[in-house]
Amino acid sequence: MTTTNTAPAAEPVTELEEHFNRTIQRDQRIEPRDWMPEGYRKTLIRQIAQHAHSEIIGMQPEGNWITRAPSLRRKAILLAKVQDEAGHGLYLYSAAETLGADRGELTERLLAGKQKYSSIFNYPTLTFADVGVIGWLVDGAAICNQVPLCRSSYGPYARAMIRICKEESFHQRQGYELLMTMMRGTEEQRRMVQDAVNRWWWPSLMMFGPPDDQSKHTAQSMAWKIKRHTNDELRQKFVDMTVPQAEALGVTLPDPELKWNPERGHYDFGQIDWDEFQRVISGNGPCNAQRIAARKRAHEEGAWVREAAAAYARKQRERQQRQEAAA
């Protein structure tokens, strides 16, 4: 008897899938009420949750300097920036909730180590110059990453990013202005700025994620137009943008291989330490334990606020129901 091995037939594309695919191809937005593949929904929840966690955890490195800011003006600027980051986290958690995610559950997954946040926030802020360098380099890298997300295929995420990017742009200008002021100061202040640049340059390049040939999610995210550019494309754009800014500032970027390549029309730069990147995102960075412990403590100490808000909302619902019943 002869048997023939045939591959199982591909499942037919449904009308809903066809509509979803056409919407993506036409560069239109997917909204919460629309049908979407489960993989698309899960990818968005993972990415948006990681982004939201990063905004909230990212309050810690600079918040550490609020009480030690050198002037009332610098303190007010820093307070406003940290407050903005909290707002960004709330926008993004709200966007994740439109996909059916639960904000409390996302926080629990973060605290349990089941979801990640940006590796950059696991480095310490040793001097006030770090505040300026975070504004210049870290927020600058965030802008490169996030401006294309304003055209993300998922509507609530794209709309949240419009406001976030406007505020991040302001944060970058604030950071650069602080560094320009310090570079016009004493020799000690100039050394402080250069030291901060030396420590934050390479982690800033790591913010864009692993190289394209090692990224598990980039290809599918770009096919769904959640992302618009690859990790390496965004990293190159950031380097090209930052080199002339460093020259104007008067600092040296800590990369002896950094040079203009006229054939490519871009700057060449050295090899990133991807082993360090993996250590940090795996929980073994300089401040991983400290960041999560602080987030857990804040979550636990804020439990009474959440409980009070829930009790108030319940009383309001009950009052409304009684009024409707009496009408």
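## A buried ring

Phe 20 has 2% relative accessibility, so this residue counts as buried (under 20% relative accessible area; exposed is over 50%, partly exposed in between; 1.4 Å probe, protein chains only). The model is predicted: local features need pLDDT of at least 70, side-chain atom pairs count only at pLDDT 80 or more, and totals for chains, interfaces and linings use all residues. Residues are numbered from 1 along each chain as its sequence is written, and side-chain values use heavy atoms, with hydrogens and water left out.

## Aromatic pairs

The count is ten aromatic pairs. Rings of Phe, Tyr and Trp (its six-membered ring) pair if their centres lie within 6.5 Å; planes under 30 degrees apart are stacked, over 60 edge-to-face, the rest tilted. Phe 20 and Trp 35 are edge-to-face, because their planes stand at 85°, with ring centres 6.2 Å apart. This pair links distant parts of the chain, 15 residues apart. Phe 20 lies in helix α1 (residues 15-25), and Trp 35 in the loop between α1 and α2 (38-57). Helices are DSSP runs (H or I, at least four residues), numbered from the N terminus.

Trp 35 is partly exposed, at a relative accessible area of 34%. One aromatic cluster takes in Phe 20, Trp 35, Tyr 40 and Trp 224.

## A charge over a ring

Arg 68 places its charged end over the ring of Trp 65, 3.8 Å from the ring centre. The test is NZ of Lys or CZ of Arg within 6 Å of the ring centre and within 35 degrees of the ring normal.

## Cysteines

The disulfide count is zero (the cut-off is a pair of cysteine sulfur atoms within 2.5 Å). Cys 150 is in no disulfide; its nearest cysteine sulfur belongs to Cys 165, 3.9 Å away. Cys 150 is buried, at a relative accessible area of 16%. Cys 287 is buried too, at 5%.

## Helix α12

Helix α12 (residues 288-301) has 14 residues. At 1.5 Å a residue it should span 20 Å, and its end C-alpha atoms are 20 Å apart, which agrees. The expected span is 1.5 Å times one less than the number of residues.

Its buried residues are Asn 288, Arg 291, Ile 292, Ala 294, Arg 295 and His 299. They cover an arc of only 160° around the axis, so they lie on the same side of α12 (the arc is that of the directions from the helix axis to the C-beta atoms). The buried residues of α12 pack against α2, α3 (59-63), α5 (103-111), α11 (274-284) and α13 (303-326), with contact meaning heavy atoms within 4.5 Å. Exposed Ala 289, Glu 300 and Glu 301 sit on the face turned away from the buried side of α12.

Key. Helices (H or I, at least four residues) and strands (E, at least two) are DSSP runs, numbered from the N terminus.
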